[in-house]
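Here is a short briefing on one protein model and its ligand. Look at the structure first, then read the points below.

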Amino acid sequence: MAASRLIFLGPPGTGKGTQAQRLAQRFGLAALSSGDVLRKEIRAGSEIGRQAAEFVQAGTLVPDDVITGVMLAAVDKLTPGTGFILDGFPRTVPQAEELGKGLVARQLEVQVVVDFQLDDQEIIKRIVSRRVCNKCGATYNTLFLPPRTADVCDKCGGELIQRVDDREDVIATRLETYRAQTAPLVDYYTQRGLLCSVDASAEAETVEADVVRIVEPLDAGG
Ligand code: AMP
């Protein structure tokens, strides 16, 4: 299990990040979130951050070669033998193709792609109520997972803020971007026999149990 290799696919706001964290902790995997990696680069003011910033703010996709390079580098930094969850990557067919080639070369092919399904109305509700800690990055939700004290992170005392791209006008762009550029990956991975779907509308514990049911057999099968 500790060596499982997964992709979490699905529109923004479906709980992929939350589930990636839970599963990573449960099975000793690394959760590699492309959005988190880019936000870190932007905060650090790196060259990659500068290339990515305008796209992230607008809710459109950063160029394929930029994100693919960053994510394969993140895989290469893992301790050998550590499994991983790619959360939010790939998001286009060219990214999937480059990722596939990169992982074959490393003998680290992905075993399962989990598709998180949720309708747009619920997605919008979840995203506009999402808050993140501006210090440690922990995620909260004013409706479903409020902090103990309003606007203060339970974990580090940092201030909770709304991501610029979690505002309603940007969410519409992100959903359109998903439909136009990322949704084709559902067919792409179905054709390769890798796709499993979960109903992301349930409570986090229920979704986690569904994901565990998908991932657990990988232990026996390799
Ligand atoms: P997320 O936190 O996954 O919603 O990602 C936030 C933003 O980061 C997205 O709206 C994109 O601008 C950028 N991003 C994250 N992952 C990718 C990716 N695989 N390809 C291109 N852009 C990405």
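In strand 6, Thr139 is the bridge partner of Val132. The model is predicted: local features need pLDDT of at least 70, side-chain atom pairs count only at pLDDT 80 or more, and totals for chains, interfaces and linings use all residues. Residues are numbered from 1 along each chain as its sequence is written, and side-chain values use heavy atoms, with hydrogens and water left out. Helices (H or I, at least four residues) and strands (E, at least two) are DSSP runs, numbered from the N terminus.

- Three strands form an open sheet in the order 6-5-7, with antiparallel pairing. Two strands pair if DSSP finds at least two bridges between them.
- Strand 6 (139–141) and strand 7 (160–161) are the edge strands, and each pairs on one side only.
- Strand 5 (residues 130–133) pairs with strand 6 over three bridges, in the antiparallel sense.
- Arg130 stands opposite Asn141 in strand 6.
- Strands 5 and 6 form a hairpin, with five residues between them. In the turn, Gly137 has a positive phi of about 85°.
- Strand 5 also runs antiparallel to strand 7, and two bridges join them. Here Val132 stands opposite Ile161.

**The ligand site**

- The ligand is surrounded by 17 residues. A residue counts as near if one of its heavy atoms lies within 4 Å.
- The closest are Ser34, Arg39, Thr60, Gln95 and Arg174.
- Helix 2 (34–44) and helix 3 (47–58) each supply at least two residues of this shell. The largest share, four residues, comes from helix 2.
- By class, the shell has seven nonpolar, five polar and five charged residues. Ala, Val, Leu, Ile, Met, Phe, Trp, Tyr, Cys and Pro count as nonpolar; Asp, Glu, Lys and Arg as charged; the others, Gly among them, as polar.
- An oxygen atom of the ligand lies 2.6 Å from a polar backbone atom of Thr60.
- An oxygen atom of the ligand is 2.9 Å from an N or O atom in the side chain of Arg39.
- A nitrogen atom of the ligand is 3.0 Å from a side-chain N or O atom of Arg91.
- Taken alone, the ligand exposes 480 Å², and the protein buries 95% of that. Such areas come from the Shrake-Rupley method with a 1.4 Å probe.

**Two packed helices**

- Val93, Ala96, Glu97 and Leu99 in helix 5 meet Pro184, Leu185, Tyr188 and Tyr189 in helix 8. Contact means heavy atoms within 4.5 Å.
- The residues of this contact divide into seven nonpolar, no polar and one charged.

Key:
Polar contact = N/O pair within 3.5 Å; in protein donor to acceptor, adjacent residues only side chain to side chain.
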